[in-house]
Amino acid sequence: MRVSTAFGLDIGGTGIKGGVVDLASGELVSERVRLDTPQPATVAAVLDTAAAVVAQTGWSGPIGCAFPGVVKDGVVGSSANIDDEWLGEHLERHLAARLNAPVRSLNDADAAGLAEMRLGAGVERDGVVMMLTLGTGIGSALFVDGRLVPNTELGHLEIDGAVAESRASAAAREREGLSYEEWAVRLQRYFSHVEQLFSPDLFIVGGGISRKADRFLPLISVRADLVPARLRQNSGIVGAALRSME
Ligand code: BGC
């Protein structure tokens with residue numbers, strides 16, 4: 001049987017990751033390549049790094065790209081964790097020209113959510129599912145009976161006078177040297193607020209830090225089910241690859 005594969009590229013605020021994904025299982029069938037996101041993360045610099053990530057695997061073929069901002073019809077609509085130069089740029093066209101391949105794109109949290117709903121912690125979960133990714137920022141992906149409501153941007157909710165991700169992201173924990181217990185207090189405030197607004201049936205928690213889920217998820221109390229992402233730090237790559245086929 002021929003394995004159907006595609007390349008997933010996950011552009012993040014601190015790292016640009018990628019790999020060849022088996023679309024049936026969500027497993028990576030190449031090495032997982034990660035290069036630092038160039039600073040400043042201008043259009044030209046990010047395209048260079050993205051090209052280097054793809055080249056390291058020797059891939060040629062369809063590519064899906066997850067991006068850390070609003071992406072509508074391939075065009076970037078926000079730039080909290082990437083250079084402002086990206087605003088209004090046609091991400092898909094830039095990448096397609098640079099990588100010489102068909103490219104589809106979407107928001108990074110939406111990509112992670114898509115992967116979890118198809119192949120991970122959200123399989124066969126109807127109702128309202130909220131994926132939250134804790135990384136450089138906080139990303140959100142909302143699913144209603146399995147259908148994505150894209151670009152929800154709930155990391156930018158204002159809570160107690162501050163943008164939520166500035167206090168409760170994984171980067172904020174590191175920046176301020178918070179213990180998991182101290183960070184969990186902030187996460188609790190955030191999760192309770194989101195729960196009050198959306199009453200999800202399930203929260204899936206992703207981002208690199210989800211590898212350490214046992215250190216902080218048990219400290220958070222919500223009415224909904226609360227589980228770590230199953231594809232862990234590969235959710236974004238896998239979701240991007242799935243997107244390339246849509
Ligand atoms: C961005 C989101 C993104 C999240 C995680 C936020 O700052 O606004 O679009 O999903 O960071 O990268």
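**Figure 1. A patch of negative charge on the surface of the predicted model.** Asp and Glu count as negative, and Lys and Arg as positive. Patches are made of residues with over 30% relative accessible area and no salt bridge, with like charges joined within 9 Å. In this predicted model, the residues Glu-124, Asp-126, Asp-145 and Asp-201 gather in a negative patch on the surface.

**Figure 2. Glu-124 in its loop.** Glu-124 is one of the residues of the negative patch. Its place is in the loop that lies between helix α3 (108-119) and strand β8 (128-134). Exposed means over 50% relative accessible area; Glu-124 has 76% relative accessibility, so it counts as exposed.

**Figure 3. A patch of positive charge on the surface.** Four residues make up this patch: Arg-32, Arg-211, Lys-212 and Arg-215. Arg-32 is found in the loop between strands β2 (15-22) and β3 (33-36). Because its relative accessibility is 31%, Arg-32 counts as partly exposed.

Figure 4. Along the principal axes, the C-alpha atoms fill a box of roughly 45 × 40 × 30 Å. Of the 246 residues, 55% count as buried.

Conventions. Residues numbered from 1 in each chain as written. Predicted model: local features only at pLDDT ≥ 70, side-chain atom pairs only at ≥ 80, totals over all residues. Heavy atoms only, no water. Patch = residues over 30% accessible without salt bridge, like charges linked within 9 Å, V, L, I, M, F, W, Y side chains within 5 Å. Areas by Shrake-Rupley, 256 points an atom, 1.4 Å probe, with all protein chains shown as cover. Salt bridge = Lys/Arg side-chain N within 4 Å of Asp/Glu carboxyl O. Charge placed at Lys NZ, Arg CZ, Asp CG, Glu CD. Helix = DSSP H or I, 4+ residues; strand = E, 2+ residues; numbered from the N terminus. Buried < 20%, exposed > 50% of the residue type's maximum accessible area, 1.4 Å probe, protein only.
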